[in-house]
Number of protein chains: 2
Amino acid sequence: MKFDATYAELNEHLNRIHQLGTIGKLLSWDEQVNLPEDSADQRAAQHSVLAETAHTAEMDPRLGEILTGLEADLALLTDEQQVVVKEARRDYDIATKLPAEFVREKAKQSSVGYHAWAKARAESDFASYVPVLEKNLELAQREAAYLGWGDRAYDYMIDLHDPGMSAAVISELFGELKKELVPLVKQITASSVKPRTDILRGFPCEAQSSFLHEVTEKLGFNYRRGRIDVSLHPFCSGTGSDIRMTTRFHEDEPLDSLFSSIHETGHGLYEQGLPAEHHANALGRAAGMGVHESQSRLWENQVARSREFWRYFEPRFRQTFPEQTKSVSSDELYLAINTVAPTLIRVDADEVTYNLHIILRFEIEQRLFAGTLAVKDLPEAWNALAGELLGLTPSNDSEGVLQDVHWSDGAFGYFPSYCLGNMMAAQLWYSVLDQHPKLPNEFATGDFTWLLSWLQKNVHVEGKRYDALALTEKVTGEKLSPVALMRYLRERYVPLYCS
Amino acid sequence: MKFDATYAELNEHLNRIHQLGTIGKLLSWDEQVNLPEDSADQRAAQHSVLAETAHTAEMDPRLGEILTGLEADLALLTDEQQVVVKEARRDYDIATKLPAEFVREKAKQSSVGYHAWAKARAESDFASYVPVLEKNLELAQREAAYLGWGDRAYDYMIDLHDPGMSAAVISELFGELKKELVPLVKQITASSVKPRTDILRGFPCEAQSSFLHEVTEKLGFNYRRGRIDVSLHPFCSGTGSDIRMTTRFHEDEPLDSLFSSIHETGHGLYEQGLPAEHHANALGRAAGMGVHESQSRLWENQVARSREFWRYFEPRFRQTFPEQTKSVSSDELYLAINTVAPTLIRVDADEVTYNLHIILRFEIEQRLFAGTLAVKDLPEAWNALAGELLGLTPSNDSEGVLQDVHWSDGAFGYFPSYCLGNMMAAQLWYSVLDQHPKLPNEFATGDFTWLLSWLQKNVHVEGKRYDALALTEKVTGEKLSPVALMRYLRERYVPLYCS
């Protein structure tokens, strides 16, 4: 074919960029997991040289020529090749359309922003943080303009994390969700059923580690191409060829490390399911943050909080921790696993109220970008929304508007992914159940292979061929909506709390 | 100064090359310590992209221009700057004078060689390995010629590992050593004193780990800028800013992990003592393999096999392993620590007979490069020398000529460093003792600071300013010779075995 050589050359460039990226991820993983306490300067120097090398590769003029050449006759390419070219163009534009001066300014601001945020949060001093947020908003708007989004800066930021998504679509989805979810949360919190989480105490970390290894391996994580270690905050990094997950341990919070491991395993299974031969291009990369989150949430929530999951794992749990569980009944354990209790802090939230935290942030971000909310008025707006959505009011800004790191780095438009992922997870779940109703029974016997295989064949294998909306519709036969999520939350929590 | 800007630009280039090198080292460390079993393909792809990037940086024509510019007026540079330029030139020549085709051929042969060696060793099949060694010898000779060494290929290989050293110098040193050492080994092996190593059994690995942490930290290793992990073969990697050492554990060989950790700690202390501000250039890099080995051997042997070292650590050892040591007397323990027993395998050898293994390899390498020994006749020559030097004859080539990996990768001229390191270590040791006779008494109280500080001030701080011969003479006031090593071995082992 006419373009074979050019297309092959494109893939050489993409492979180089991809491998430099995976090396950077390994440096970051090592930084969180292994780096000696005084070696941060050395790691920063390595990151700096590597980032410069990667940036040079990303903006290589030859890459631009190749893309222009292929785009001139797109129809000569297969559909798959067109996806690769389109996404490579997107990345190339981001690498080349931002003036070097702007990139430097943003990099500097990123470091300034982080430290300003950490200090402001520690001292609950929002005023000192105002200039940082104002600057970050301005940078986001300029960036969007450079990349041809005009004044649609918020849509640009959303699209960065979730290609194809927009504020208008999210606004409609979250609007519907909010209408149904707020009353459900009220119903649950009014219940006299109160889970006790303090019944799980004194779980040795080593035994927790071996139990979560057993669980995550059973779910299908391939430990011959991945591992799990300990870091301050759990995360999942690497590519499907070498996935590095982390968790954390606390003797009195065995469910925290277990569920965060299962969550990261969901991310890891997605990466391991992406076609390995395409890891360097769009066909082997995740469709977006929302889809990624749908995979982690599906395994964490729909699967691992289910009765059937625990029918299989509870005896193993008790066997591993006989002393710690002997005075805990099955019902108490299951209720602790499915705790719902509004909290001010997003990262501590349960899967029901978590969505309200996201809706709150989305409404704030919309207003900030629309210019209808000034940065200095953020705390007031935040606290009002917290009251309205969660029924709780922060006593200071550290447990309010200052709690998240994201905005300090200019990561606007990121939060919605979490809730979009929850919606997709539930919608995928009922689609799977329709096709294979005995799935929960299989879970009860420790068999999770059908689900993983279905996700691999329907979601993972597609890479970036479809965006989140198109993928959801293709796989479930219905447009993305909050209906499935609400159905799932009701089916799981109403019987537990309100029956 | 006229050259300030150019010299600064040189250092920018060197820093970039250095950081890419440290990233490569981290990838290799991670490969040995963490890599999931099926992820080797991914790591190979990362290494390949990184090596290409580093090679491009190393042969950057601008770097050549800078060097030529500085060399035109060397006298305008300080002595220190001249060292930096001279070493940068050496590296630049190696990067640029080898034709690309040759570099590719060598890289390919390196991989072929390793696998051929592993197979040949497993099957004790030397014949299949002959073509590999012949090819590697030919490559070494061509490489030396490309770099202007004419037919002095063996000197070129030696100089690669130990700048300034040559076959003629080594031949004289090893000749003297052999004359004295062979009779000493005969004297020791004829002794009726036989150490028992089987008295140390059942040492839990976790306790071994915590004990060796205590020991190596006490010796002065800075764990805030380094760590120790587990790998198949112990090694020390990284830069002084982030040293990654490894060891291995076996419940029945507590001395193996302890002494290999102390050995790697010696390497680590050297790296940590190199001037951090110069890590990217010759002033902050090790003087050579021989000097590096002198540091590891000094801590492992002169220090950690001494009575005084154990006067301090034996009570701690017994406290950590009360059950395992209760029927072992102090004398038995000390004799086990100072076991001398000829073996066919170099890596299992004690510090006395180890030198004979090196002399054997040096004599073989000399004859190979001189053309007086054909590759096919290697086993015969090897076995004859083993009989002559060690009094042992291999029953097959796996425990003879096939035991080491080095030659499979074309690493000729590397072995001598080990024995040169032993000589330097002993010579440094008596020099230190002269200046600070109460040093052993300090060891007995757990105080190793004087020695470390002396090594830092006299050896580490110099970087590559002096080669091994010059450094030894500068620091000890005498030319490098085997006199100190023989004195040390006699003082340590004659009283134990022959009194």
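Which residues point one way from β3(B) and which the other way, and are they buried or exposed?

Analyst: Keep in mind that this is a predicted model. On one side of β3(B) you get B:D242, B:R244 and B:T246, while B:I243, B:M245 and B:T247 point the other way. Both sets are buried. Strand β3 of chain B covers residues 242-247, and since 6 of its 6 residues are buried, the strand is largely enclosed by the rest of the structure. In this model, a residue is called buried when 20 or more other C-beta atoms lie within 10 Å of its own.

Now for the strands it pairs with. Strand β1 of chain B, residues 226-230, lines up with β3(B) in the parallel sense, with 5 bridges between them. One pairing to look up in your viewer is B:D229, whose bridge partner in β3(B) is B:T246. B:T246 is also one of the residues that point the same way as B:D242 and B:R244.

Strand β2 of chain B, residues 236-239, pairs with β3(B) too, but here the strands run antiparallel and 4 bridges join them. Here B:C236 has B:M245 as its bridge partner in β3(B), and B:M245 sits on the side with B:I243 and B:T247.

Put together, β3(B) has a parallel pairing with β1(B) and an antiparallel one with β2(B), and its residues are buried whichever way they point.

Key. Residues are numbered from 1 along each chain as its sequence is written. Chains are lettered from A and ligands numbered from 1 in the order in which they are written. This is a predicted model: local features need pLDDT of at least 70, side-chain atom pairs count only at pLDDT 80 or more; totals for chains, interfaces and linings use all residues. A residue is buried if 20 or more other C-beta atoms lie within 10 Å of its own, exposed if 12 or fewer, and partly exposed in between; C-beta atoms are placed from the backbone. Helices (H or I, at least four residues) and strands (E, at least two) are DSSP runs, numbered from the N terminus. Two strands pair if DSSP finds at least two bridges between them.
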